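Hi everyone, thanks for coming.

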Amino acid sequence: MNLTRLALRNIAGSAFRSWVVAICAFLVAGFAIAILLILRGTENSLHLAIDRLGADIIVVPEGTATKVETALLMGNPTQVWMPRSNLEKVSAIQGVVAASPQLYLSTLNNASCCTVASMFLVAYDPETDFTIEPWLNRTIGRGLNLGEAVGGTHVFVPEGEQNIKIYGYFVTLKANIEPTGTGLDQSMFITFDTARDIARLSTKLAEKPLIIPENSISAVLVRLEPGADPMTVSADIIRQVPGVTPITSPNMFQAYRQQMNGLLASVLMVLGITLILSGLLIGLVFSMAANERRRELGVLRAMGATRNFVLRSLLLEASLLALEGGLAGISFAVLVIFLFRDLIMRSFGFPFLLPNPGLLLVEILVGLALALASVIIAAMVPAYRISHLEPALAMRE
Amino acid sequence: MKIIGAVLIVLSLVVAIVPMFTDCQSQGRAIVLENGKTIPMKCHWSGVAELVVAIPLFVLGVMDIINRNLLVFRYLSILGIVLGIFIILIPTNLIGVCISPEMLCSSVMRPILILAGIFVVVANLAGVWISFKSQNKPV
C-alpha cells in the first residue's frame, strides 16, 4: 500500500477526526482570505480613486476636507463653497503647473424632478480640466457638450427612459467610467455650462431650484510640475491662500486609512485567536488519534514500515485534510465576499473593489498556505511522537 | 438522503421567504406611471418566480426524506440540480433585480438567492454521488 492510499484510508476510516481537522482548516483559510480580500480590496479602491482623481493636490474650503473626502469616497453628496478668486491665487503658486475648478452639487431627494435621488454631481471646467477631459477624449473622442454627462459605473438611465432627469432637466449619459469601488462609481460629471443651465432652468422645472452661488467654486484640483514637492506646495497654499485646506494625494483619505488600521488590528487579533484555537484543537485531535492508533501503527512498523514512512503518512493525512478544508473555506469566503461586496461596502462604510484575478490567486495561495502550515505544525508533535515509538512497545500498550 | 432532504427544505424556505422581505415592493418602492398608478419593480417578479421554484424544491426535500429507493433519489437529485440552476438564473439572467447597488434587492436578495442556488446544486450533486456510491448497499 503506498503512502497516499494509506493516508486516504485513514481519512475515510475516522470521520470525526477528519471533519474536525477539515473544519479547523476551513475556518483558518476562510478567515485569512476574507481579511486579505477586504483589506486589499479597500486599499486597492483608495489607490484607484486617487489615480482617477488625477490631481496631486485638491484645495477645498477650510474645515471641509473630511466632507469632501467622504463625498468622493462614499458618494454622499456635499455642497461646499469658496471664492473663485482662490483659483487664480492657487495657479500663481510656484510649482503648480495646472489648476482646475470644480463645483460639488447634488440631486434632490424624493423629488419627481430628479430620477436619481441624492446623487453626487461634479461639475468641471472643460477649458482647464486635466482629469475628466483626457479620459473623455480617449473614450468618446471629444469633450462633453451642453446637456451631456459621464457617470460612474453604477450610474444608469432608468428603464424605459432615454435620459436622466436632474432638476427637471434631461441629461444625456454619454459614457460610464470604469469601477473604482468608491463613491465615484455613483457620481455624475457634467461641465460648468451644463451645471449653470440646470441651475437657470431649475427655477421653472424643479421642485426646488439648484443654487450655485455667484463667483464660487467648491474645489481646485492642482497638478504639480514634475519634481515639485507636494508638501512644500501645500504649505505655500496655506500661507498664500487664506481660508482653504490643501489635501495632498499621499494624505488623501487619511481618516479612512486610520479607520482601516484600527480594523486591521481587530481582525488580525481574531485571526490570531482562530489560528491558536485551531492549532490546539488539531493537536488534541491528532494526539487522541495517535493514542487510538498505537497498535495499528505498531503493526505497521513491525511489518517493516520505517519511522519516516509512518511520520510521512500521518503528515500527508493532515495535509490532505488541510487542503480539503482550506479549499472549501477559501471558496466559501471568496464567494460570499464577491456576492455581498455591495452590502459589505455600505455596512462598513468604506470603499471596496475586488482585486484582479492574478492578485486574487496570490491571496488564495496565501490563505491555503496558512491553513496547511497551521494543520501540519499542530499535527507534527503527535505524529513525531508516535512514529518514534518502538513497535513492540506500541503494540503491547 | 434524510440530511440532504432536510437541507433542501431549509433552502426552499430561504428561497421563498427572503424575496418577500428584501424586494423593492417590501421597501415601499415601485415604478410610478404617468397616470399616477404604481407597478412593482422587476425584483418583485423575480421573488414571485423564486416562490414558484421553491415550492417544488420543498416537495423534493420532503420526498428525499421519505423515499427509500436509490434510483428515485438519484432522479430527484438531478431534478434538484435543475431547480438550483433556476434559482440562480432568475435574479441574474432570466428576470433580474434592480440595477442600483444601493437597493436591498441588489445588495441582499440577489446574493442570498445565488448562494442558496449554489447550495441547492451542491447538495443535489452530493445526492447524485451518494446514490452512485451506495448503489450496491442496502438503503
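Let's begin with the sheet in chain A: nine strands form an open, mixed sheet, in the order S6-S7-S5-S8-S4-S3-S10-S1-S11. Strands here are DSSP runs of E, at least two residues, and helices are runs of H or I, at least four, both numbered from the N terminus. Two strands count as paired if DSSP finds at least two bridges between them. At the edges sit strand S6 (164-166) and strand S11 (244-248) of chain A, each pairing on one side only. From one strand to the next, the twist averages 35°; axes are lines fitted to C-alpha atoms, for helices over the stretch in contact, and angles run from 0 to 180 degrees between N-to-C directions.

Before I go on, a word on what you're seeing. This is a predicted model, where local features need pLDDT of at least 70 and side-chain atom pairs count only at pLDDT 80 or more, while totals for chains, interfaces and linings use all residues. Residues are numbered from 1 along each chain as its sequence is written, and chains are lettered from A and ligands numbered from 1 in the order in which they are written.

Back to the strands. S3 (residues 96-106) and S4 (residues 120-124) of chain A run antiparallel, joined by five bridges. In S4(A), A:Ala123 is the bridge partner of A:Leu103. Packing on the sheet is helix H6 (residues 192-205) of chain A, at about 95° to the direction of S8(A).

Now, which residues touch the most other members of the largest nonpolar core? They are A:Ala25 and A:Val375, in a core of 107 residues. A core means buried Ala, Val, Leu, Ile, Met, Phe, Trp, Tyr and Cys residues joined through C-beta atoms within 7 Å; buried means 20 or more other C-beta atoms within 10 Å of a residue's own, exposed 12 or fewer, partly exposed in between, with C-beta atoms placed from the backbone. Helix H2 (residues 15-53) of chain A gives the most, 18 residues. Domain 1 (3-47 + 257-396) and domain 2 (63-242) of chain A both contribute, so this core lies between them. Those bounds come from an automatic or database domain assignment.

The centres of these two domains of chain A, taken over C-alpha atoms, are 49 Å apart. Six residues of domain 1 are in contact with six of domain 2, contact meaning C-beta atoms, placed from the backbone, within 7 Å.

Last, the chains: seven residues from chain A meet nine from chain B. On the chain A side, helix H11 (residues 341-348) gives the largest share, three residues.

Methods: Two residues are in contact if their C-beta atoms, placed from the backbone, lie within 7 Å.
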